[in-house]
Amino acid sequence: MKYCTRCLYPANHPYGITFDEKGVCSGCRVHEEKDNINYKERLSILKDIVDKYRSKDNTNYDCIVGVSGGKDSHFIVHIVKNVLKLNPLLVTYNHQFNTQVGIRNLKNIVRKFDCDHIRFTQKPNIIKKMAKISLKKMGDMCWHCHTGIGTFPIQIAVKYNVPLIIWGDHGNQDMVGQFSHYDMVEWTKKIRQEHAMRGFTWRDFINEEGLKKSDLLTYIYPSDEQLEAVGVRGIYLGNFLNWNAKQQTELMIKDFGFETLTQERSYNCYENVECWHCSGTHDYLKYLKFGFGRATDHASYDIRFGRITREQGIDFVKKYDAKRPKDLDILLKYLEMTEVEFETTIEKLRDQDIWKKNEDGTWIVKDSIANHMNDDFVEEVRVPIKDNSKYILTPENEDIGDFEHVFM
Ligand SMILES: [Zn+2]
């Protein structure tokens with residue numbers, strides 16, 4: 001397997017990645033752009049854009065913001081309310097795999113930023129069926145969540161006639177460099193469909209486990225006519241602000257009481273605090289399919305920001321990426337499935353470029369970033385340590401406690 005000579009990403013990254021002549025990945029190169037962008041100018045462009053959408057006579061909301069209870073939700077609402085001085089309508093799709101901390105953080109956003117908030121909760125039994133179906137179809141029991149997050153806010157924008165939707169950063173931009181920061185990419189139905197939804201739609205769930213269209217209304221995107229009638233537009237703050245999730249989260253902890261959650265499969269306790277499975281089984285599935293997990297993501301970001309060395313990142317990957325998560329037990333119980341059934345279900349999705357099946361039926365990884373410590377160009381393209389600040393909480397000191405889905 002080819003790995004980036006700067007960060008830790010492999011060539012089989014599911015979002016697609018390319019390498020330049022020195023072996024540096026597209027994600028690392030797009031990250032570098034941030035050093036040359038005039039963010040003062042970008043902020044003024046952002047202010048001009050949002051001004052056009054501000055309710056002139058205070059008869060409606062100025063924008064829609066999707067919130068989950070995570071670190072980015074806090075930061076986006078902070079920017080929208082306190083910097084841009086907008087009156088947002090906050091919208092949440094309840095994925096039902098909540099943590100106590102996630103629920104607490106969601107309440108904290110509404111209270112601290114004093115905003116109106118709508119939260120949609122699907123029938124729990126439908127979620128269970130969808131989780132089962134999507135695990136079988138695409139090796140991801142969280143399809144309903146990705147799709148709900150990318151549909152419910154747009155439905156509300158249409159219903160309430162609020163054209164502007166404000167998102168955080170575009171995940172694939174900084175991660176794999178799918179877009180340049182100079183593209184100023186905006187929300188599209190195509191990105192939602194091809195990436196968040198893995199090419200599937202609500203129609204793929206019809207008649208499976210007895211599901212009907214009336215069970216799937218939250219996953220149906222508004223029509224082009226409806227979108228055009230309101231003029232729906234989704235922008236990413238990541239194009240206008242020098243996005244630095246760690247710094248932003250620390251500001252949210254200090255000034256607005258955001259709470260972190262120690263993670264079992266990463267050293268970074270700032271991310272994915274609102275869902276058990278995000279860093280747990282959902283991410284473990286990524287490892288079972290592609291041979292890398294969340295610690296690779298977190299370490300790659302931290303290497304690019306000059307917070308850790310590539311070698312320290314590799315140590316984290318060795319420690320966390322292959323770890324079987326504890327939340328898998330509650331998921332198996334919830335889905336009424338054995339671990340063998342779970343592994344058999346996703347067997348066809350294992351990338352054979354990285355996984356090999358032994359004669360006894362067990363699977364082994366054929367390669368790992370640990371075998372690429374001294375590849376050509378690693379020294380030449382190295383990011384020097386620029387930021388020595390540690391994460392405020394580290395997993396070593398914390399017990400992760402018991403898992404339990406908090407449905408409401
Ligand atoms: Zn890279």
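Asparagine 272 is buried, with a relative accessible area of 15%. That value falls under the 20% limit for a buried residue. The model is predicted. In it, asparagine 272 sits in the loop between helix 11 (245-256) and helix 12 (276-279). Its phi is positive, about 55°, although it is not a glycine.

**Positive phi angles**

- Most residues other than glycine have a negative phi.
- Asparagine 161 has a positive phi of about 60°, and it is not a glycine.
- The loop between helix 7 (152-159) and strand 4 (164-167) holds asparagine 161.
- Asparagine 161 is partly exposed, at 48% relative accessible area, whereas asparagine 272 is buried at 15%.
- Lysine 85 follows helix 3 and has a positive phi near 55°.

- The ideal angle for four tetrahedral donors is 109.5 degrees.
- Cysteine 4 and cysteine 7 are both buried.

**Nonpolar cores**

- In soluble globular proteins, nonpolar side chains tend to be buried together.
- The largest nonpolar core here has 68 residues.
- Ile64, Phe97, Met130, Leu135, Met141, Phe205 and Phe342 have the most contacts inside that core.
- Helix 5 (residues 124-138) supplies the largest share of this core, seven residues.
- Leaving aside neighbours within four places in sequence, methionine 130 touches Trp143, His144, Phe205, Leu211, Leu216 and Tyr219.
- A second, separate core has 33 residues, including Ile76, Ile235, Leu237 and Trp276.

**Helix 2**

- Helix 2 covers residues 39-53, 15 residues in total.
- From first C-alpha to last, helix 2 reaches 21 Å, close to the 21 Å expected at 1.5 Å a residue.
- Its buried residues are Tyr39, Arg42, Leu46, Ile49 and Val50.
- Seen down the axis of helix 2, these buried residues fall within an arc of 90°, so they line one face.
- An α-helix has 3.6 residues a turn, so residues three or four places apart point the same way.
- The face turned away from the buried side of helix 2 carries the exposed residues Lys40 and Lys52.
- The buried residues of helix 2 pack against strand 4 and strand 5 (233-236).

**Helix 3**

- Helix 3 covers residues 71-83, with 13 residues.
- It reaches 17 Å from its first C-alpha to its last, close to the 18 Å expected at 1.5 Å a residue.
- Lys71, Ser73, His74, Phe75, Ile76, Val77, His78, Ile79 and Val80 are the buried residues of helix 3.
- One of these buried residues, Ile76, also belongs to the second core.
- The packing partners of the buried residues of helix 3 are strand 1 (63-66), strand 2 (88-94), helix 4 (100-113), strand 4 and helix 11.

**Valine 340**

- Valine 340 lies in helix 17 (residues 339-347).
- At 61% relative accessibility, valine 340 counts as exposed.
- Its C-alpha is separated by 31 Å from the C-alpha of isoleucine 149, 191 residues apart along the chain.

Methods. Residues are numbered from 1 along each chain as its sequence is written. This is a predicted model: local features need pLDDT of at least 70, side-chain atom pairs count only at pLDDT 80 or more; totals for chains, interfaces and linings use all residues. Side-chain values use heavy atoms; hydrogens and water are left out. Buried means under 20% relative accessible area, exposed over 50%, partly exposed in between (1.4 Å probe, protein chains only). A nonpolar core is a set of buried Ala, Val, Leu, Ile, Met, Phe, Trp, Tyr and Cys residues joined through side-chain atoms within 4.5 Å. Helices (H or I, at least four residues) and strands (E, at least two) are DSSP runs, numbered from the N terminus. Contact means heavy atoms within 4.5 Å. The expected span of a helix is 1.5 Å times one less than its number of residues. The arc is that of the directions from the helix axis to the C-beta atoms.
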